[in-house]
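Let's take a friendly walk through a protein model, one question at a time. Have a look at it first, and then read on.

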Amino acid sequence: MRIAIVTSGTTGDVLPYLALGRRLLAAGHEVWVCSADKYAAEAKARGLSFVSCWPWSDERQRERIEALLAEPDPARHLDIIYGRSRTDILASVPAVVDATSRAEMT
């Protein structure tokens with residue numbers, strides 16, 4: 001089976017998907033990971049093909065985290081996380097669609 005794994009977030013969010021990809025690869029599947037370019041080396045170190053679907057910016061991530069820490073209202077946290085990431089998320093859609101176009105759907 002051809003499997004595309006699309007993941008984002010912090011290293012702690014992404015590493016479990018790289019482990020999953022490695023297990024799927026060992027089981028004989030064709031696997032590639034689509035994520036932020038910062039994870040390319042981690043994926044390749046595990047023998048996984050990698051497609052960069054968006055650039056990583058430590059500065060933008062730091063700005064989001066600082067905004068979260070400064071916001072006392074937890075209800076506003078999702079707005080900070082997703083509202084401020086909206087432009088980045090929308091810009092990544094064409095790359096994600098392209099990277100997943102060869103995957104088999106079940």
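**A patch, a bond and a ring**

Helix α5 (residues 86-100) is where Ile-89 is found, in a model that is predicted.

Q: Is Ile-89 buried, partly exposed or exposed?
A: Buried means under 20% relative accessible area and exposed means over 50%. The relative accessible area of Ile-89 is 41%, so by these cut-offs Ile-89 is partly exposed.

Q: Which helix gives the largest share of the nonpolar patch?
A: The nonpolar surface patch covers about 390 Å² and is made by Leu-78, Ile-81, Tyr-82 and Ile-89. Ile-89 belongs to helix α5. The largest share, three residues, comes from helix α4 (residues 77-83).

Q: Which residue does a disulfide join to Cys-34?
A: A disulfide is a covalent bond between the sulfur atoms of two cysteines. The count here comes to one disulfide. With an S to S distance of 1.7 Å, Cys-34 is joined to Cys-53.

Q: How many residues apart are Cys-34 and Cys-53?
A: Cys-34 sits in strand β2 (residues 30-36) and Cys-53 in strand β3 (residues 49-54). The pair links distant parts of the chain, 19 residues apart.

Q: Is the disulfide of Cys-34 and Cys-53 left-handed or right-handed?
A: Both ends are buried: Cys-34 has a relative accessible area of 0%, and Cys-53 has 5%. The torsion about their S-S bond is about -120°, so the disulfide is left-handed.

Q: Which residue lies over the face of Trp-32?
A: A search of the whole structure finds zero aromatic pairs. At 4.1 Å from the ring centre of Trp-32, the residue over its face is Arg-102.

Methods:
Residues are numbered from 1 along each chain as its sequence is written. This is a predicted model: local features need pLDDT of at least 70, side-chain atom pairs count only at pLDDT 80 or more; totals for chains, interfaces and linings use all residues. Side-chain values use heavy atoms; hydrogens and water are left out. Patches are made of residues with over 30% relative accessible area and no salt bridge: like charges are joined within 9 Å, nonpolar side chains (Val, Leu, Ile, Met, Phe, Trp, Tyr) within 5 Å. Accessible areas come from the Shrake-Rupley method with a 1.4 Å probe; for residues, only the protein chains shown count as cover. A salt bridge is a side-chain nitrogen of Lys or Arg within 4 Å of a carboxyl oxygen of Asp or Glu. Helices (H or I, at least four residues) and strands (E, at least two) are DSSP runs, numbered from the N terminus. Buried means under 20% relative accessible area, exposed over 50%, partly exposed in between (1.4 Å probe, protein chains only). Rings of Phe, Tyr and Trp (its six-membered ring) pair if their centres lie within 6.5 Å; planes under 30 degrees apart count as stacked, over 60 as edge-to-face and the rest as tilted. A charge sits over a ring if NZ of Lys or CZ of Arg is within 6 Å of the ring centre and within 35 degrees of the ring normal. A disulfide is a pair of cysteine sulfur atoms within 2.5 Å.
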